[in-house]
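Let's walk through this structure together, one region at a time. Keep the 3D view open and turn it as you read.

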Amino acid sequence: MAALYVKEQGALVQKRSERILVTKNRQTLLEMPFSHVDSVAVIGNVQVTSQALHAFLTKGIDVSYFTFSGQYLGNTSPESSKNIFLRLAQY
């Protein structure tokens, strides 16, 4: 498992089937399976589609956001438990 760093300014991170697709100007920069990634770092002016973000959260992949100069902005992370039905029953 690896961390995916997306720092190409103007890039778009998308979901295509069970794969992560990074494009810029309709050109594919990277395509890899979700199973090969355990975290994503978005640096600068990079867009992440809602479908990709949903897939990251569903698969337990953290997404961290940084400015172009590397300042940490925040992150999006899934619930620690992946069993939502158990949590609802407990509630």
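This is a predicted model: local features need pLDDT of at least 70, side-chain atom pairs count only at pLDDT 80 or more; totals for chains, interfaces and linings use all residues.

Strand β2 covers residues 12-16, and β6 covers residues 47-48.

Now widen the view to the sheet around this pair. Strands of a sheet pair through backbone hydrogen bonds, either parallel or antiparallel. Here the open sheet has four strands in the order β4-β3-β2-β6, and its pairing is mixed. Its edge strands are β4 and β6, each of which pairs on one side only. Helix α1 lies across β2, β3 and β6 and runs at about 65 degrees to β2.

Back to Val 13, and to what surrounds this residue. Setting aside residues up to four places away in sequence, Val 13 touches Val 6, Ile 20, Leu 21, Val 22, Val 46, Gln 47, Val 48, Thr 49, Ala 52 and Phe 56. In soluble globular proteins, nonpolar side chains tend to be buried together. In this model the largest nonpolar core has 17 residues, and those with the most contacts inside it are Leu 4, Val 6, Val 13, Ile 20, Val 37, Val 40 and Phe 56. At least two residues of this core come from each of β1 (2-6), β3 (19-24), β5 (37-43) and α1 (50-58).

Phe 56 also brings us to the aromatic rings. How many aromatic pairs does the structure hold? There are two. One of them joins Phe 34 and Phe 56, edge-to-face, at 5.6 Å centre to centre with 75 degrees between the planes. This pair links distant parts of the chain, with Phe 34 in the loop between β4 (27-33) and β5 and Phe 56 in helix α1, 22 residues apart. Phe 66, at 23% relative accessibility, counts as partly exposed, and so does Tyr 72, with a relative accessible area of 47%.

Phe 66 and Tyr 72 take us on to a hairpin. Strand β7 (residues 62-66) and strand β8 (residues 72-76) pair in the antiparallel sense over four bridges. In one of the bridges, Val 63 has Thr 76 in β8 as its partner. Five residues lie between the strands of this hairpin, and Gly 70 takes a positive phi near 100 degrees there. Ser 64 sits in β7 and counts as buried because its relative accessibility is 18%. Apart from neighbours within four places in sequence, Ser 64 is in contact with Val 40, Ala 41, Val 42, Tyr 72, Gly 74 and Asn 75.

Gly 74 gives us a way back to strand β2. Arg 16 and Gly 74 are 58 residues apart in sequence and 25 Å apart in space, C-alpha to C-alpha. Arg 16 belongs to β2 and is partly exposed, with 44% relative accessibility. Its contacts, leaving aside neighbours within four places in sequence, are Leu 21 and Glu 31.

Which phi does Ser 17 have? Although Ser 17 is not a glycine, its phi is positive, at about 60 degrees. Ser 17 is found in the loop between β2 and β3, and is exposed at 54% relative accessibility. Arg 26 also is not a glycine and has a positive phi, of about 65 degrees. Arg 26 is found in the loop between β3 and β4, where it is exposed, with a relative accessible area of 85%.

Definitions and conventions:
Residues are numbered from 1 along each chain as its sequence is written. Side-chain values use heavy atoms; hydrogens and water are left out. Two strands pair if DSSP finds at least two bridges between them. A nonpolar core is a set of buried Ala, Val, Leu, Ile, Met, Phe, Trp, Tyr and Cys residues joined through side-chain atoms within 4.5 Å. Buried means under 20% relative accessible area, exposed over 50%, partly exposed in between (1.4 Å probe, protein chains only). Contact means heavy atoms within 4.5 Å. Rings of Phe, Tyr and Trp (its six-membered ring) pair if their centres lie within 6.5 Å; planes under 30 degrees apart count as stacked, over 60 as edge-to-face and the rest as tilted. Axes are lines fitted to C-alpha atoms, for helices over the stretch in contact, and angles run from 0 to 180 degrees between N-to-C directions.
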